[in-house]
Amino acid sequence: MKALNFIRSLIVVACVFVANLTVSANNPEAGLIYNTEEVNGVKVSETVYKMNEGILTNYEKYSYKYNDNKQVVENTLQKWDAFDNQWHNHMRINYSYAGDNVTIEYYKWNKSKKDYILVPDMTVTVQQ
């Protein structure tokens with residue numbers, strides 16, 4: 001039962017990421033290319049490129065931080081802005097572990113405050 005709750009929470013997190021992708025899942029021609037960087041067996045970043053008329057362009061960048069137990073404690077998403085040729089913060093998910101519980105907090109980037117703002121409705125605690 002605990003494993004089922006943990007899997008459900010991971011599905012919620014995955015849905016959040018999928019919802020933030022601006023490429024429609026219904027468009028099979030939208031080619032995304034993933035470049036993953038690993039250090040000591042854990043994924044520390046992933047850059048997503050989009051195929052545009054045969055040319056790869058920056059699309060999204062994910063960064064991951066881990067605790068000493070190799071558990072993800074932070075997952076950050078940045079989106080590429082072709083207008084100013086820069087990565088811009090978009091969202092962050094924090095994971096905290098206490099015993100058998102994992103708390104997952106979703107933060108959205110606030111451009112005017114230049115900080116991540118907690119979205120309380122998206123916070124969930126589940127048992128592993």
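Let's start with a pair of charges. The side chains of Glu60 and Lys79 meet in a salt bridge, 3.5 Å from N to O. Glu60 lies in strand β3 and Lys79 in strand β4, so the pair ties together parts that are 19 residues apart in sequence. By salt bridge I mean a side-chain nitrogen of Lys or Arg within 4 Å of a carboxyl oxygen of Asp or Glu. Strands (E, at least two residues) and helices (H or I, at least four) are DSSP runs, numbered from the N terminus.

Are these two residues buried or exposed? Glu60 is buried, at 1% relative accessibility. Lys79 is buried too, at 16%. The cut-offs: buried is under 20% relative accessible area, exposed is over 50%, and partly exposed is in between, with a 1.4 Å probe and protein chains only.

Now the ground rules. This is a predicted model, with residues numbered from 1 along each chain as its sequence is written. Local features need pLDDT of at least 70, side-chain atom pairs count only at pLDDT 80 or more, totals for chains, interfaces and linings use all residues, and side-chain values use heavy atoms, with hydrogens and water left out.

pLDDT is the predictor's confidence in each residue, from 0 to 100. The chain mean is 84, and 77% of residues reach 70 or more. Be careful with residues 19–29, where pLDDT stays under 50. For that stretch the model has 17 contacts beyond four places in sequence. A contact means heavy atoms within 4.5 Å.

Next, the layout. The protein chain has 1 helix and 8 strands. Of the 128 residues, 28% are buried.

How many salt bridges does the structure hold? There are 3. Glu46 pairs with Lys43 at 3.9 Å, N to O. There, Glu46 is buried at 12%, whereas Lys43 is partly exposed at 29%. Glu74 pairs with Lys65 at 3.6 Å, N to O. Lys65 is partly exposed, at 49%.

On to the core. A nonpolar core is a set of buried Ala, Val, Leu, Ile, Met, Phe, Trp, Tyr and Cys residues joined through side-chain atoms within 4.5 Å. The largest one has 12 residues, including Tyr59, Leu77, Met91, Ile104 and Val126. β3 (55–66), β5 (86–98) and β6 (101–110) each supply at least two residues of this core.

Now follow β6 into β7. The two strands run antiparallel, joined by 4 bridges. Strands count as paired if DSSP finds at least two bridges between them. Tyr107 stands opposite Leu118 in β7. Ile117 also belongs to β7, residues 115–118. The C-alpha atoms of Ile117 and Tyr107 are separated by 5.1 Å, though the residues are 10 apart along the chain. Beyond four places in sequence, Ile117 touches Tyr106, Tyr107, Lys108 and Asn110. Ile117 is partly exposed, at 32%.

Last, the backbone. Which phi does Lys114 take? A positive one, near 55°, in a residue other than glycine. Lys114 sits in the loop between β6 and β7, a hairpin with 4 residues between the strands. At 66% relative accessibility, Lys114 is exposed. Asn85 is not a glycine either, and has a positive phi of about 50°. Look for Asn85 in the loop between β4 (72–81) and β5. Asn85 counts as exposed, at 53%.
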